[in-house]
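Student: I would like to learn how to read charged side chains in a structure. Could you guide me through it?

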Amino acid sequence: MQSKDAIRAIKERMNIVDIVRRYVELRRNGPRWVAPCPFHQETKPSFSVNEDQGLFYCFGCHASGDIFDFYSRINGLDFKETLEQLAAEAGITIERGPGSARQQGEERERRSSRQQMLRMYELAAGHFAATLNSPDGQECRAYIDKRGLSQEIVQRFGLGWAKREWQSLADALRRAGFDGRMAVESGLLGQSGNGRAYDRFRGRLIFPIKSLSNQIIAFGGRIIGDEDEAKYINSADTPIYKKGEHLYGLAQARKGLVTKGRVLLTEGYMDVLTLHQFGYDNAVGVLGTALTPEQIKRLSGFVSQMTLLFDGDRAGRKAALRSCEMLLTRGLSCSVVLMPDGEDIDSLLRGAGPEAFEELQAQAPDGLRFCVDVLKALAPRETVEWARNFLRQVEIPELVSPYVSRLANHLQLSETDLREGLVQSRGSRSDRTRAETGGTSTGRARQNIRDREVMMFAVRYPHRLTDMQEMGADLVLQSPVARQLWDKIETHGPEAVFHQLDQREKNFWCKCCGPEAAPRDNGDRELESLRHYLNNYYASAQKSSLSAALRANTGTGDFEADLDYLRALKETLEKGHEQS
């Protein structure tokens, strides 16, 4: 199937209630299903699912959408990944576009290679886990015991041991029938100068890295004993793994993230394991890279609050500053916990205990305050430059003003100085918006109400767009937001439009058609009500136009034009009286 047909088929074959039930305990409440929302921390049943419409909506955090939106958000997937996984579950094969026979063949080969790599990683994980539990794994088991990791953590995270032999995994892959060249391409094996494949992870404690669909896609390895080797090595990027897109422990932390509503973000494998062992099941690690936009996007599908755990040295502060900047400019809340000198989270929890960690969290400054504290050590000129650059990156306009006020207050700077260079770029956008939406606040309010009335009917009855066009409903739309939504409905049609909407549009759609919306069983009456509303609007607009023309003509001596305007105004008023 083409993607468009696959979307329709998935909705026909899969029930949104069945999908939601995998993650949320739903209970029936009349025509809908309700539960505490899985996307923010609460106990009240503000999360609602309409089985007939195939939509969900939360009255607390305003999360909304259909089966695809729920599945992608709860699993931290993008739409393409969601479509592929649900299609596979529904037994649907998606075509990858027309293309040439050669292109289609290449695409099939890529998919086949990915599947083989996933199977190789699954076999390798089993091989490493079995080796850990064998006599050969004694030294690694001793290290695990020394670090205080429980067997429950070892099993939940699938830890393993890579023997010191050069061909242990290579032989296991060969016996299973896998191609050696693909094992090298997948990053499981290295290749010597004479072309011979060898095990990359030798003499190391193995940390499997999982995707959100619970597939093993990479490994990290910590050397045991031989300190001449690199302490940690990680899988390189492959067709199934991009380290800047994934986080260690995210698959295991998914439930903890949803229930706690925030994430503990740290750097090391062992830190993540220790945090989980001490009950912090919302901890994940950044896999040896600086925090990336892709990782933030993945995390923000689960939480909007993040606690950053960094070392207290200069490098740790610098990394925390950059991470805070990325999170705050995207509208996410964060706080920063810096470890005491000589401590990491593992040593802190095992030495001082959870109470000390809880105290550090309670004292942790929020992200912007932390940035200010770091900036105070810089020269004033550097501070102003950082602040202005930070403010230019803020993606949500409503956040700029409070950020400016806080930065100016804490850094003892002038708000005017900070806003310099920002006003022109943001002001020009505001001017354009005012020009597009009718100028005065009163005019904008009326226009917003009018646009909302029109678009509510268009969303509730998208198959009746032609009726609306005949009465001129599309012509009254003034705001870019309303015109954009109308154009999408008109372009993509009622069946396919939902997956072309942005999150704001989906929220509006779900309010109009979702679990709490009025039944859509009287479209004719609602259309007649809209017609009456628009007739009154057009009559009022014509009255205003004629009155303005009459005022403009007064004093010109053109009495004939005055009579024409008066006659037209009289007819307009009489018509409006009849309609009312």
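This is a predicted model: local features need pLDDT of at least 70, side-chain atom pairs count only at pLDDT 80 or more; totals for chains, interfaces and linings use all residues.

Student: How many salt bridges does the count come to?

Tutor: A salt bridge is called when a side-chain nitrogen of Lys or Arg is within 4 Å of a carboxyl oxygen of Asp or Glu. By this rule the count is 24 salt bridges. One of them pairs Asp346 with Arg350, at 3.1 Å from N to O.

Student: Where do Asp346 and Arg350 lie?

Tutor: Both belong to helix H14 (residues 345–351), four residues apart, or about one turn of the helix.

Student: Is Asp346 buried or exposed?

Tutor: Buried means under 20% relative accessible area. Asp346 has 7%, so it is buried. Arg350, with 31%, is partly exposed.

Student: Which residue forms a salt bridge with Arg369?

Tutor: That is Asp373, with the closest N and O atoms 3.3 Å apart. Arg369 and Asp373 are four residues apart in helix H16 (residues 367–375), so about one helical turn separates them. Arg369 is partly exposed at 28% relative accessibility, and Asp373 is partly exposed at 36%.

Tutor: Salt bridges can also share partners, and in this way Asp136, Lys163 and Glu165 are joined into one network. Within it, the closest N and O atoms of Lys163 and Glu165 are 3.9 Å apart.

Student: Which residues form the negative surface patch?

Tutor: Asp78, Asp237, Glu245 and Glu294 form it. Asp237 sits in the loop between strand S11 (232–234) and helix H10 (250–260), and is partly exposed, with a relative accessible area of 44%.

Methods. Residues are numbered from 1 along each chain as its sequence is written. Side-chain values use heavy atoms; hydrogens and water are left out. Patches are made of residues with over 30% relative accessible area and no salt bridge: like charges are joined within 9 Å, nonpolar side chains (Val, Leu, Ile, Met, Phe, Trp, Tyr) within 5 Å. Accessible areas come from the Shrake-Rupley method with a 1.4 Å probe; for residues, only the protein chains shown count as cover. Lys and Arg count as positive and Asp and Glu as negative; His and the chain ends are not counted. The place of a charge is taken as NZ of Lys, CZ of Arg, CG of Asp or CD of Glu. Helices (H or I, at least four residues) and strands (E, at least two) are DSSP runs, numbered from the N terminus. Buried means under 20% relative accessible area, exposed over 50%, partly exposed in between (1.4 Å probe, protein chains only).
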